[in-house]
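Me: I'd like to go through this one with you, labels and cut-offs included. Can you take my questions as they come?

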Amino acid sequence: NMNIFDTDGSIAMQEKLVYQNCPIRSLAMDGNCFWCVVPDRNSIVKFSPIEKRVLLRIGGGASLAFRRPTSIYKHEGKLYVCNEHNNQIRTINLNDYSVKDYISFNEPLKKYFRVGFMEYVMLESGIYCIEAKDKQ
């Protein structure tokens, strides 16, 4: 469920977040919208709370771009998508929506995030710091 609050702290909107009858997980804000993963549809969707609908889908159907995505993270014009079934992070460039491999692991991947220039991943065995591949 998604709750959006007004400035007084009251619920302004309450919606159940699903895509094609499947639950949506993990949110990454992008302006007035947010990106999220749909693990059961192997896809990433951009949702508009204002319009109360999905604006764009990447992956899903016959596409093998994502294999049970578990979380999503936005950083400097890219989305980082953790794929549990192939132990891999894939990126989506928000300028052209191209999907590329970023990094792979030897075990299922749960989450990815950054703090400054440091990158972290949560794998089945624990949380690890990795060296950023695209430092500026």
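Me: In which sense do S13 and strand S14 pair, and over how many bridges?

Reply: S13 and S14 (residues 118–123) pair in the antiparallel sense over six bridges; strands count as paired if DSSP finds at least two bridges between them. Strands here are DSSP runs of E, at least two residues, numbered from the N terminus. Within this pairing, Lys 111 stands opposite Met 122 in S14. Before we go on: this is a predicted model, where local features need pLDDT of at least 70, side-chain atom pairs count only at pLDDT 80 or more, and totals for chains, interfaces and linings use all residues. Residues are numbered from 1 along each chain as its sequence is written, and side-chain values use heavy atoms, with hydrogens and water left out.

Me: What makes S13 and S15 edge strands?

Reply: The open sheet runs S13-S14-S15, with antiparallel pairing. S13 (109–115) and S15 (126–130) each have a single partner strand, so one side of each has no neighbour in the sheet.

Me: Why is the pair of Phe 34 and Phe 47 called tilted?

Reply: Rings of Phe, Tyr and Trp (its six-membered ring) pair if their centres lie within 6.5 Å; planes under 30 degrees apart are stacked, over 60 edge-to-face, the rest tilted. Here the centres are 5.3 Å apart and the planes at 35°, so the pair is tilted.

Me: And what is the pair of Phe 113 and Tyr 120 called?

Reply: Stacked, with 5.3 Å centre to centre and 15° between the planes.

Me: Why does Phe 113 count as partly exposed?

Reply: Buried means under 20% relative accessible area, exposed over 50%, partly exposed in between (1.4 Å probe, protein chains only). Phe 113 has 26%, so partly exposed it is. Tyr 120, at 23%, is partly exposed too, whereas Phe 34 and Phe 47 are both buried.

Note on methods
Helix = DSSP H or I, 4+ residues; strand = E, 2+ residues; numbered from the N terminus.
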